[in-house]
Amino acid sequence: MLKDSYPYYLASEPVFANQDLAVTNKYTGEVATRVAKADTKIIDKAIEAAQKTQPLMTAMRPYERKAVLDHCVARFTERKDELAQALCIEAGKPIKDAHGEVTRLIDTFRIAAEESVRMDGEVLNLEISARAKGYQGMTKRVPIGPCSFISPFNFPLNLAAHKVAPAIAAGCTFVLKPASRTPIGALIIGEVLAETDLPKGAFSILPCSREGADLFTTDERLKLLSFTGSPDVGWALKAKAGKKPVVLELGGNAACVVDEDANIDDAVERIIVGAFYQSGQSCISVQRILVHQRIYNDFREQFVARASELVSGDPADEATFIGPMISESEAQRLEDWIQQARSAGATILCGGTRDGAILPATVMENVAADCAASAEEAFGPLCVLQAFDDYDAALAEVNNSRYGLQAGVFTRDLYKAHQAWDILEVGGVVIGDVPSWRVDNMPYGGVKDSGLGREGIRYAIEDMTETRLMVIRTP
């Protein structure tokens with residue numbers, strides 16, 4: 001169960017300033033707990049603390065940063081059931097998916113602990129001509145400085161962890177704005193961080209309104225902005241961020257190609273998970289499924305049958321596969337998209353009608369390419385089927401999108417696999433599985449409207465550090 005109320009964390013300390021932010025149980029709609037909400041003055045104080053504490057954070061030795069991260073791994077492991085229950089309540093995440101996210105939270109901090117003592121430099125040979133005789137160079141990585149993080153509602157634990165853990169490993173102080181709909185996971189991370197030997201002031205975790213969060217983007221004391229969320233918001237923040245580097249992990253409408261040599265049973269099972277796990281609320285959820293004409297009918301029959309079997313309902317029930325979307329208004333939006341596509345000639349093969357915030361697994365075909373159900377990010381339990389008879393044309397269709405996060409290709413042909421890797425305009429190509437697959441040490445991010453930069457601990461550390469060169473002359 002959740003506590004009656006939660007503080008925000010200002011300069012490493014819990015502050016029960018108010019109970020202004022109500023957090024609802026996404027299944028029942030009832031208020032589950034209340035959270036302290038920060039205003040602009042508090043955000044300013046948090047940034048000031050991060051700036052003042054940065055020299056102390058920089059001075060921490062790698063083994064000391066590793067000890068902080070190791071402590072987090074141990075405490076998250078001890079509190080894994082509590083963390084999963086919190087996710088189930090505040091995000092409406094089916095309990096099996098919630099346990100999976102907690103496992104990934106632990107993985108992410110464990111990887112960061114390992115990487116914290118691997119931040120090596122390089123010895124450079126500068127003697128490239130007679131002019132450079134007697135010169136040598138060395139590089140090391142140094143923290144970029146105080147970082148600004150904004151995390152989304154759909155993975156309240158692990159997507160916050162993908163910012164917080166590498167920051168600690170790199171030696172950066174930070175301020176974090178968790179999503180207002182799902183702040184509890186980030187605040188529990190703050191509770192655990194407050195137990196560690198991080199310098200006082202090294203972190204602040206501040207639920208706040210979007211309108212009041214301008215300083216997270218515009219303040220010049222912050223040296224990097226990392227945002228995960230919608231494309232419209234992300235690109236607008238980048239335009240306001242000024243001189244600081246910006247990392248954007250944005251949306252997608254991920255495609256999956258199933259070629260004629262694929263194992264249909266295997267492809268169906270994996271794409272069912274890819275399309276509908278976490279109630280489809282993932283930026284790499286399978287939304288567009290392109291199946292070779294020769295196996296299309298068999299695939300469709302099996303896929304629709306499996307989708308129709310998925311249990312929707314109470315996310316606390318172990319049998320539930322699809323829980324509520326984050327709000328009834330989001331479920332209404334997606335239901336409207338489905339009906340618009342239907343009016344334009346599409347066929348609903350299963351699902352399509354919501355019950356409050358719950359939309360059952362929905363599969364459509366004959367969806368026009370310019371319909372929102374195909375062209376935009378559904379961010380819910382909806383996918384569209386279409387047939388192809390030319391592999392090159394299928395790859396071109398995958399690229400026919402303003403998004404480019406990840407893509408999946410089911411083929412046993414090595415040459416076709418490499419062709420997809422060469423041609424698809426995405427951040428990652430997954431062969432023999434769904435684009436929804438991610439492990440937390442890999443480089444993860446997109447192109448086009450899906451963002452810029454990469455997460456995955458080692459890659460995030462690169463963004464959160466700068467190369468510093470030393471040149472030595474031997475007289």
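Ala, Val, Leu, Ile, Met, Phe, Trp, Tyr, Cys and Pro count here as nonpolar, Asp, Glu, Lys and Arg as charged, and the others, Gly among them, as polar. By that division, the lining of the largest pocket holds 17 nonpolar, 9 polar and 14 charged residues. The model is predicted, so that local features need pLDDT of at least 70 and side-chain atom pairs count only at pLDDT 80 or more, while totals for chains, interfaces and linings use all residues. Residues are numbered from 1 along each chain as its sequence is written, and side-chain values use heavy atoms, with hydrogens and water left out.

A pocket is an open set of points on a 1 Å grid over the protein atoms alone, where a 1.4 Å probe fits and protein lies on both sides within 12 Å along at least five of seven lines; lining residues have an atom within 4 Å of a point. Points are joined across faces, edges and corners, and a volume is the space filled by probe spheres set on them.

The largest pocket has a volume of about 1,100 Å³. Its lining counts 40 residues, with Arg210, Phe227, Gly229, Ser230 and Val233 closest to the centre. Helices (H or I, at least four residues) and strands (E, at least two) are DSSP runs numbered from the N terminus. Strand E11 (224–228), helix H8 (231–240) and helix H11 (328–343) each supply at least two lining residues, and H8 gives the most, with 6.

The second largest pocket has a volume of about 450 Å³. Of its 23 lining residues, Arg104, Phe155, Tyr277, Ser436 and Arg438 lie nearest the centre. Helix H4 (95–115) and helix H9 (264–276) are the elements that give two or more residues to this lining, and H4 gives the most, with 5. The lining of this second pocket divides into 10 nonpolar, 6 polar and 7 charged residues.
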